[in-house]
Amino acid sequence: MIETEIKEPEAGRVFPALDPATGEVLDWLPRGGSAEIDRAVREGRRAFEEERSWRQPATRARVLNAIARAIEEQAEPLAVLECRDTGKPLTQARTDVTVAARYFQYYAGWADKIYGQQIPLGERFLDYTLREPWGVCGQIIPWNYPLQVSSRLAAPALAVGNAVVLKPAEEASLTAVRLAEIARAAGLPDGLLQVVTGYGEEAGSALVEHPGIDHLSFVGSPAVGTLIALAAARRLVPISLELGGKSPQVLFPDTDLDLAIPVIVRALIQNAGQTCSAGARLIAHADIYGQVLARLKERLEAIRLGPGLEDPELGPLISAAQFERAHGMTQRAIAEGARLVSGGARASGHNLDAGYFLQPTLLADVVPGSEIWTEEVFGPVLAATSFQEEDEAISLANSTTYGLVAALWTRDLSRAHRLARRIRAGQVFINTYGAGGGVELPFGGYNRSGYGRGKGQEAILTFSQVKNICAAL
Ligand code: NAD
């Protein structure tokens with residue numbers, strides 16, 4: 001059994017970590033509840049208040065750098081663990097590990113550069129601001145990128161000087177648990193990063209309701225995000241929400257298709273489409289629409305599927321429930337009049353039968369406003385439509401309640417920059433698509449994709465609060 005920060009779960013209170021490619025039980029994890037959360041929050045408070053070394057910015061920088069190095073040293077076993085637990089192809093899991101290390105390295109760089117301001121009030125006053133940690137940060141994350149997202153949230157929170165209690169998703173917790181072990185072994189004082197495994201309605205809800213939590217971060221679905229925001233509002237706890245998306249790829253007639261097609265395919269099938277920032281809608285100018293669909297069909301039908309450890313291009317969906325959701329949405333779209341260009345069915349044969357594999361799917365002539373156009377599938381399903389006028393393209397791009405990421409494809413750069421301002425999304429890419437961008441780029445949503453920002457310098461601001469100090473001289 002994997003050792004976690006919870007040493008003694010109640011007898012029998014465990015749940016399985018499943019391999020989505022085979023259904024096999026990989027491990028058993030403690031099924032944490034309010035008792036385990038309470039213990040972790042108290043321990044976090046103790047560490048935050050008593051661990052004086054953690055008040056030294058240079059110490060935090062050194063320890064975060066050590067964690068980054070330790071992640072790099074254990075890159076391959078971590079990637080294999082992530083691959084088996086989430087089902088994602090090994091190459092993608094390796095990238096996740098590299099990015100996780102990069103978060104710790106990047107925020108190590110920030111730890112001793114978190115400046116306040118000196119505000120001029122004339123010669124009779126000295127006024128300055130401090131950026132202070134919140135205290136104990138509660139963080140709840142989804143199953144699609146457990147190692148990346150736990151690093152994305154924990155590293156900046158720790159860099160500012162907070163303690164963190166993190167609840168990974170029950171579908172994939174193993175690398176988050178391992179991350180806390182790696183961090184402690186690399187020199188992070190006890191209690192500053194604790195991972196409590198368990199179900200959302202038990203451990204998750206106990207974390208959200210705990211009076212000892214000073215700041216909440218949630219990455220997951222809008223439905224659960226709403227519940228958590230309501231609970232945070234009742235206790236007036238600050239919260240940052242990173243929710244889903246239905247991100248558009250907008251292609252003008254002058255698109256370089258040799259450049260665009262592989263990027264669009266990658267942005268669709270990465271992690272089997274189970275990516276909040278997946279490019280899930282295609283909006284192509286009528287002059288190139290047919291050609292774009294034909295090229296996408298050719299590429300999608302050549303995609304190699306398989307279990308993550310065989311390092312295919314496309315792995316399985318995480319669970320039976322996720323498969324049913326994606327498949328059901330595809331079938332309903334076809335019933336509502338969408339034209340199936342490729343895929344649409346369960347992939348079978350060879351080594352696919354035991355896993356939840358959905359063929360990469362392209363649906364054309366989708367009706368804007370229909371379910372497949374507006375709701376997140378979280379599977380490798382691309383919904384396409386065409387436009388004639390620039391204004392129509394922008395209104396189609398903005399026609400869902402989400403607003404996480406968007407891409408504009410055109411050789412006319414003044415058009416691209418002009419239109420980027422009209423897109424309602426937290427990140428807009430021009431002639432590229434970063435699926436959430438790099439560690440350095442602010443990330444978060446407009447509209448129902450959430451509020452607050454992670455990554456880059458913004459995360460340092462998210463995980464700190466400002467104090468103004470004014471003295472009469
Ligand atoms: P989810 O909302 O079902 O679960 C996310 C987390 O919340 C899990 O840890 C779960 O255990 C916990 N949870 C569930 N119910 C809870 C409750 N009542 N109280 C407290 N915690 C609870 O989401 P998911 O299915 O794991 O992930 C998929 C969703 O996450 C998608 O909508 C996706 O777009 C989104 N996502 C967003 C980002 C981003 O950065 N914007 C990144 C990854 C995933």
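Me: What volume does the largest cavity have?

Reply: This is a predicted model, in which local features need pLDDT of at least 70 and side-chain atom pairs count only at pLDDT 80 or more, while totals for chains, interfaces and linings use all residues. Residues are numbered from 1 along each chain as its sequence is written, and side-chain values use heavy atoms, without hydrogens and water. A cavity is a set of points, on a 1 Å grid over the protein atoms alone, where a 1.4 Å probe fits but cannot get out; points are joined across faces, edges and corners, and a volume is the space filled by probe spheres set on them. The largest cavity has a volume of about 80 Å³.

Me: Which residues that line the largest cavity are the closest to its centre?

Reply: Lining residues have an atom within 4 Å of a point. Of the 13 such residues, the closest to the centre are G273, A278, A280, V377 and F378.

Me: How far is the polar side-chain atom of W143 from an oxygen atom of the ligand?

Reply: A polar contact is a pair of N or O atoms within 3.5 Å. For R152, the distance from a side-chain N or O atom to a ligand oxygen atom is 3.1 Å. For E242, a polar side-chain atom lies 3.0 Å from an oxygen atom of the ligand. For W143, the corresponding distance is 3.0 Å.

Me: How much of the accessible area of the ligand does the protein cover?

Reply: Accessible areas come from the Shrake-Rupley method with a 1.4 Å probe. On its own the ligand has 840 Å² of accessible area, and the protein covers 89%.

Key:
Polar contact = N/O pair within 3.5 Å; in protein donor to acceptor, adjacent residues only side chain to side chain. 1 Å grid on protein atoms, 1.4 Å probe; cavity = no way out; pocket = protein on both sides within 12 Å on 5 of 7 lines; lining within 4 Å.
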